[in-house]
Amino acid sequence: MWTPVTIPMSIAPYPWADPFTWTARFSYRLTDNSLDLKVKVFFKGATDKQVTKWEKVIERIWSDKAALTDGDTVLPISLNLVSVSKAKKADHKVKVIQRDGYGTGIDKWFAKHLDNKTVAHEFGHMIGAPDEYEWGATIQVREGTLMAGADTRTKIIMPDYFDVLASAVGASWSPVDLEL
Ligand SMILES: [Zn+2]
């Protein structure tokens with residue numbers, strides 16, 4: 001059974017600034033040996049080739065990098081990114097613009113030279129991960145991580161990127177590193 005989750009996010013890193021607001025939305029399913037996370041995205045204006053590539057990139061970077069545990073069971077978080085062709089079936093809508101531009105964010109991607117780390121970073125917001133660089137939608141500043149803007153070669157997925165998922169699953173669950 002899939003459980004849908006919708007969590008409004010509001011992060012105000014500076015008291016004088018308007019908060020960053022967006023919505024984390026996804027669904028999850030517990031099995032005997034995994035926590036399946038499903039995120040449905042409508043990429044408006046994307047080519048099939050782009051959609052295939054982004055699905056692969058996001059799943060490679062995010063899937064099986066962390067687990068949820070209740071102190072007893074450890075369930076690796078397995079991600080399935082599903083591209084859907086209708087906005088109303090999507091958890092997230094991304095407006096894809098086929099040129100370079102400034103201001104790629106969770107719902108608008110300038111796609112001409114969009115790199116993998118940016119694709120994976122924006123996906124992180126879809127499941128509720130905050131930024132980790134100064135002046136972003138930041139709770140804590142870190143270095144060398146995906147949400148700080150680091151590239152995809154090093155260890156960049158931190159377990160607490162799944163905090164929203166963990167709190168949706170239940171108070172006894174918390175995210176941990178998955179040691180492979
Ligand atoms: Zn960001």
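1. Start with a pair of residues. A67 has P76 of β5 as its bridge partner. Strands β4 and β5 pair in the antiparallel sense, over three bridges. Pairing here requires that DSSP finds at least two bridges between two strands. The two strands also form a hairpin, with four residues between them. In the turn, G71 has a positive phi of about 95 degrees. Strands (E, at least two residues) and helices (H or I, at least four) are DSSP runs, numbered from the N terminus.

2. A word on the model. It is predicted: local features need pLDDT of at least 70, side-chain atom pairs count only at pLDDT 80 or more, and totals for chains, interfaces and linings use all residues. Residues are numbered from 1 along each chain as its sequence is written.

3. Now β3 and β5. These strands pair in the parallel sense over seven bridges. L37 has L79 of β5 as its bridge partner. Setting aside neighbours within four places in sequence, L37 is in contact with F26, Y28, I77, S78, L79 and L165. Contact means that the C-beta atoms of two residues, placed from the backbone, lie within 7 Å.

4. L37 matters again in the core. The largest nonpolar core has 43 residues, and L37, I58, I77, I127, I157 and L165 touch the most other members. Such a core is a set of buried Ala, Val, Leu, Ile, Met, Phe, Trp, Tyr and Cys residues joined through C-beta atoms within 7 Å. At least two residues each come from β2 (20-30), β3 (35-44), α1, β4 (66-69), β5 (74-83), α2 and α3 (163-169). The largest share, six residues, is from β3. In soluble globular proteins, nonpolar side chains tend to be buried together.

5. Look next at the two helices. Helix α1 (residues 48-62) and helix α2 (residues 116-126) pack at an angle of about 70 degrees, with their axes 9 Å apart. Therefore α1 is roughly perpendicular to α2. The labels are: under 35 degrees roughly parallel, over 145 roughly antiparallel, 65 to 115 roughly perpendicular, and the rest oblique. Axes are lines fitted to C-alpha atoms, for helices over the stretch in contact, and angles run from 0 to 180 degrees between N-to-C directions.

6. Which residues of α1 and α2 make the contact? From α1 come W54, V57, I58, I61 and W62; from α2 come N116, V119, A120 and F123. Eight of the residues in this contact are nonpolar, one is polar and none is charged. Ala, Val, Leu, Ile, Met, Phe, Trp, Tyr, Cys and Pro count as nonpolar, Asp, Glu, Lys and Arg as charged, and the others, Gly among them, as polar.

7. Helix α2 is mostly covered, with eight of its 11 residues buried. Buried means 20 or more other C-beta atoms within 10 Å of a residue's own, exposed means 12 or fewer, and partly exposed lies in between; C-beta atoms are placed from the backbone. The buried residues include H121, E122 and H125. The buried residues of α2 pack against β2, β3, α1, β6 (92-97) and β7 (108-110). G128, with a positive phi near 100 degrees, follows α2.

8. Check two loop residues. D64 lies between α1 and β4, and has a positive phi of about 60 degrees although it is not a glycine. D64 is partly exposed, with 15 other C-beta atoms within 10 Å. W135 lies in the loop between α2 and α3. W135 is not a glycine either, yet its phi is positive, about 75 degrees. W135 is exposed, with 10 other C-beta atoms within 10 Å.
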